[in-house]
Amino acid sequence: MRKTFLLTAFFIPAIFFVFSTQDKILKESMERGKEVYTLYCQNCHMENGQGMEGVNPPLAKTTYLKDTKKNIGIILNGQTGEVVVNGKKFNAIMLPLNYLDDKQ
């Protein structure tokens, strides 16, 4: 009984600490992501990520960028040529953002 109490007394605070730390890390990451989006993406893809009809494709609510490698490749290398996103065609030029670092 004493072992159970000691284990519980140790693990519950430890678990709480881990989850609260992860929550803080996630919030900080999302804040940094919002800053990067505002600086480099928002002008073309709009504040809500819905893009500009017929000009720049949406980023929100799309599976087009679901593949992380494809996503990073487009960001770093840019993109030209026609793409179909959510059933709609877009043919704008996205310049490379290869000056962004890994943290961004």
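**Notebook: charged pairs, rings and a surface patch**

I began in helix H1, where Glu28 and Lys24 both lie, four residues apart, about one turn of the helix. For helices (H or I, at least four residues) and strands (E, at least two) I took DSSP runs, numbered from the N terminus. I kept in mind that this is a predicted model, in which local features need pLDDT of at least 70 and side-chain atom pairs count only at pLDDT 80 or more, while totals for chains, interfaces and linings use all residues. Residues are numbered from 1 along each chain as its sequence is written, and side-chain values use heavy atoms, with hydrogens and water left out.

I then looked up how the side chains of Glu28 and Lys24 meet, and found a salt bridge at 4.0 Å, N to O; the term stands for a side-chain nitrogen of Lys or Arg within 4 Å of a carboxyl oxygen of Asp or Glu. For exposure I used relative accessible area, with buried under 20%, exposed over 50% and partly exposed in between (1.4 Å probe, protein chains only). Glu28 counts as partly exposed at 35%, whereas Lys24 counts as exposed at 53%.

How many salt bridges does the structure hold? I noted three. Another of them joins the side chains of Lys27 and Asp23 at 3.5 Å, N to O, and both residues lie in helix H1 (residues 2-40), four residues apart, about one turn of the helix. Lys27 is partly exposed at 49% relative accessible area, and Asp23 is partly exposed at 38%.

Glu53 and Lys88 also meet through their side chains in a salt bridge, 3.5 Å from N to O. Glu53 lies in the loop between helix H2 (42-45) and helix H3 (68-77) and Lys88 in strand S2, so this pair ties together parts that are 35 residues apart in sequence. I recorded Glu53 as exposed at 63% relative accessibility and Lys88 as partly exposed at 41%.

Next I turned to the rings, and found the charged end of Lys70 over the ring of Tyr64, 3.9 Å from its centre; this requires NZ of Lys or CZ of Arg within 6 Å of the ring centre and within 35 degrees of the ring normal.

Last, I looked up a nonpolar surface patch of about 340 Å², made by Leu39, Tyr40 and Tyr99. Patches are made of residues with over 30% relative accessible area and no salt bridge, like charges being joined within 9 Å and nonpolar side chains (Val, Leu, Ile, Met, Phe, Trp, Tyr) within 5 Å; accessible areas come from the Shrake-Rupley method with a 1.4 Å probe, and for residues only the protein chains shown count as cover. I placed Tyr99 in the segment after strand S2 (88-90).
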